[in-house]
Amino acid sequence: MLPLGGQYDFEKNELLENVTLIHKPVSLQPRGLINKGNWCYINATLQALVACPPMYHLMKFIPLYSKVQRPCTSTPMIDSFVRLMNEFTNMPVPPKPRQALGDKVVRDIRPGAAFEPTYIYRLLTVNKSSLSEKGRQEDAEEYLGFILNGLHEEMLNLKKLLSPVDEKLMVSNGPKSHSVSEEDQEQGEGSEDEWEQVGPRNKTSVTRQADFVQTPITGIFGGHIRSVVYQQSSKESATLQPFFTLQLDIQSDRIRTVQDALESLVARESVQGYTTKTKQEVEISRRVTLEKLPPVLVLHLKRFVYEKTGGCQKLIKNIDYPVDLEISKELLSPGVKNKNFKCHRTYRLFAVVYHHGSSATGGHYTTDVFQIGLNGWLRIDDQAVKVISQYQVVRPAAERTAYLLYYRRVDLL
């Protein structure tokens, strides 16, 4: 017979194994989050995740246990996010529209009481994250990675605890918590997770991929990029790398829009000083393409850059981003170009996390979220919640720069 905690783990694993991800939007009564410390980067991230329908439905699907029912837990992060989503309830009777200046109709919003999610803040120390170190600059993108990787790992551990270890059950198509480095690529030569693929025009390439196991978190946020190395008179060498957030370099003066940044991501670049095993320097180039697009695509505009002279600096430049984003076929890997219909490549913005201030070592975070009951946008700054226009979302003021863009696939809306 399983101990009580083990029984709960078993039940939770059964639920997660059989969960169907629901993408249907839900009209929730917004609630601000009280910030008594330097938690704005956490609060901003939490509001974006609450506004993400498959994340909300997933956590509402898992039972909420009290401390009495379950004094010790092997899944503190899952339990905390189940508790967080249960703090939000369906919007009461839709607010009546009131006439504003001109013909515009403005809806009032009545937020629920603000609360302090201390159990979420506590996860930083429970999981011994470097984000909890004093004097360290908090970062909303790092925090999102900490959460998604943490939830993914807890779900993996439930599988390991309760499933017999069977290599054949391993699924090779879900993200892992880290990307594959060049060293890993070189060490991977001749390994089992290497296969030869015949691409367009009968060209062959050696493709490497670690064993990835799917969880509901990878089912929501997990994508893959394909990194191909081209070397003269050698087979192309490709590595599949997982991502939860797609990292977009915006440093170049030529990059003014998200589309520019995506095109720059997939541009072929030459790699200097690459040597073979015989220590001979060879000319090689690399190209990244999108192999698998996730239902929820999070774009990270890399605003914090390290300079040898001035340390970490913030790029304050404005980057235009659309509400409706189409990932063009040219950004996709050759093997998946024709498998992805337009509806699988079209996304709609539902949350934006902003960083305020000109310094990379300080500042403030806020979030704009799309609210389905309002059919409009809300601006949430810790415990303050107010209605804003879509124009204010896509045209942020100079002191407020978009940092993370959360998009949902349109065919799942």
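Me: Where is confidence lowest, and where is it highest?
Reply: This is a predicted model, in which local features need pLDDT of at least 70 and side-chain atom pairs count only at pLDDT 80 or more, while totals for chains, interfaces and linings use all residues. Confidence, given as pLDDT (the predictor's confidence in each residue, from 0 to 100), is lowest in helix H8 (residues 182-187), with a mean of 34, and highest in strand E1 (residues 31-33), at 98. Helices (H or I, at least four residues) and strands (E, at least two) are DSSP runs, numbered from the N terminus. Residues are numbered from 1 along each chain as its sequence is written, and side-chain values use heavy atoms, with hydrogens and water left out.

Me: And what does the protein average?
Reply: The average pLDDT is 81, and 76% of the residues score at least 70.

Me: New topic: which residues of helix H10 are buried?
Reply: In H10, which spans residues 258-265, the buried ones are Val258, Ala261 and Leu262, where buried means under 20% relative accessible area, exposed over 50% and partly exposed in between (1.4 Å probe, protein chains only). Seen down the axis of H10, these buried residues fall within an arc of 100° (taken from the directions from the helix axis to the C-beta atoms), so they line one face of the helix.

Me: What covers them?
Reply: The cover includes strands E9 (245-249), E12 (296-302), E15 (324-326) and E20 (400-409).

Conventions:
Contact = heavy atoms within 4.5 Å.
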